[in-house]
Amino acid sequence: MAGKLYLCATPIGNLEDITYRVVRTLKEVDLIGAEDTRNSIKLLNHFDIKTPMTSYHEFNKYDKAKVLVEEMLNGKNIALITDAGTPGISDPGEELVRQSLEAGVEVTSLPGAAACITALTMSGQKTRRFVFEAFLPKEKKEKAKVLEQLQNETRTIVIYEAPHRLIKTLKELEEVLGDRELTICRELTKRYEEAIQTTLKEAVKYYETREPKGEFVLVIAGKPEEEIEEEKRKQWENMSVQEHVDHYIRLGNDKKEAMKLTAKDRGVSKREIYNQLLS
C-alpha cells in the first residue's frame, strides 16, 4: 500500500504558531523532507521530534521528488516542511506535490502559518479579493512584464521582498502603479513585528533614511475601479460621437448596439448619444 505526503506548515517566526497536529504528524511519519535541514533541526529539537530528515530544495527538487515519490509508492509516509510557513507557497514544494499526484500518491495539507495571509489580514487593505505575487522576478524583462500586468490590477496585491532589494522594488512599483496605499509588514510574529500603513512614495522616502531590516511583505491597494473607468472615458475624448459610433459599426455591430457601446464608453445615456447624433 502506498504511503502519503503530508504538507506541514511550520512557524514563520514564533514557535508557538505550530499546531498540535503538525507536531504529531512530524513524529509519526517515516521521513521529513526539509528545505534546509540545518535550519529545520532546530525546530525538530525544540519539539523533541526524532524523525530522520532529508534535504529537498530548489536545486534538487526535480530529481529528489522522484526519489521521494518512489519511497511513498513503497509504503513510506513523508512530511514536507519549508524553512518557514506553508510548503508549496513560494517554495519548491509544488513540484513534489505535482509528481506525487501524477503517481497516484495521496497528498494532504496541514494548515498553519503563511506570511502572505498573516500580512494581508493585519494590513487594513481590502481582503475579499487579492493576488499573491510572492517575490518579483529578478530577470529585468520578466519583472517588467509582471509589473505591467499589475498596473490595472483592482485586487489587493501581496508581494514578498528581501531587505537589500526593498528600496529598488518600492521605486519600481511606484513608477508603474503610481502612488498607491501600502501596508509594509516586517518580521511577522517575531519580537519586532511591525506593520506600517503608508503609500509607495512615502515608503521610498522612509527607507532611504533607514536601513531596511528583516523579511518584508508588501500589501498594496488595488487600483480603484472608478479610476479605470475614468481612464477609459478619456481615451474617447479626441473622437467625436459620430466617429465613436462608426468605430463600433465597423466592428460588425448594428447602429443600435454601436450607440449602446458608445454610451457605455463615455459614461452617458444612450438617449444622450442619440440626441448628439441628431444635432
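Mentor: Let's begin with accessibility: buried means under 20% relative accessible area, exposed means over 50%, and partly exposed lies in between, with a 1.4 Å probe and protein chains only. Keep in mind that this is a predicted model, where local features need pLDDT of at least 70, side-chain atom pairs count only at pLDDT 80 or more, and totals for chains, interfaces and linings use all residues. Residues are numbered from 1 along each chain as its sequence is written, and side-chain values use heavy atoms, leaving out hydrogens and water.

Trainee: Why is Ala195 called partly exposed?
Mentor: Its relative accessible area is 37%, which lies between 20% and 50%, so Ala195 is partly exposed. This residue belongs to strand β9; strands (E, at least two residues) and helices (H or I, at least four) are DSSP runs, numbered from the N terminus.

Trainee: Which residues is Ala195 in contact with, leaving aside its neighbours within four places in sequence?
Mentor: They are Met122, Thr183, Ile184 and Cys185, where contact means heavy atoms within 4.5 Å.

Trainee: What makes β9 an edge strand?
Mentor: Picture the open sheet of five strands, in the order β6-β7-β10-β8-β9 with mixed pairing. Both β6 (130-135) and β9 (194-199) have a single partner strand, so one side of each lacks a neighbour in the sheet. From one strand to the next, the twist averages 20°; angles run from 0 to 180 degrees between N-to-C directions, and axes are lines fitted to C-alpha atoms, for helices over the stretch in contact.

Trainee: How do you know that β6 and β7 pair?
Mentor: Two strands pair if DSSP finds at least two bridges between them. β6 and β7 (residues 156-161) have five bridges, in the parallel sense, so they pass. Phe130 stands opposite Thr156 in β7.

Trainee: What packs on the sheet?
Mentor: Helix α8 (residues 200-208) does, touching β8 (181-186), β9 and β10 (216-220), and its direction makes about 120° with that of β9.

Trainee: How do you know that the buried residues of α8 line one face of the helix?
Mentor: Those residues are Leu200, Ala203, Val204 and Tyr207. Seen down the axis of α8, they fall within an arc of 105°, so they line one face; the arc is that of the directions from the helix axis to the C-beta atoms. The buried residues of α8 pack against α7 (166-177), β8, β9 and β10.

Trainee: Why are Tyr206 and Tyr207 called an edge-to-face pair?
Mentor: Rings of Phe, Tyr and Trp (its six-membered ring) pair if their centres lie within 6.5 Å; planes under 30 degrees apart count as stacked, over 60 as edge-to-face, and the rest as tilted. The structure holds four aromatic pairs. For Tyr206 and Tyr207 the centres are 4.9 Å apart and the planes 80° apart, so they form a pair and it is edge-to-face. Tyr207 also pairs edge-to-face with Phe216, at 5.7 Å centre to centre and 90° between the planes.

Trainee: Are Tyr207 and Phe216 buried or exposed?
Mentor: Tyr207 has 5% relative accessible area and Phe216 has 2%. Each value is under 20%, so both count as buried. Tyr206, at 29%, is partly exposed.
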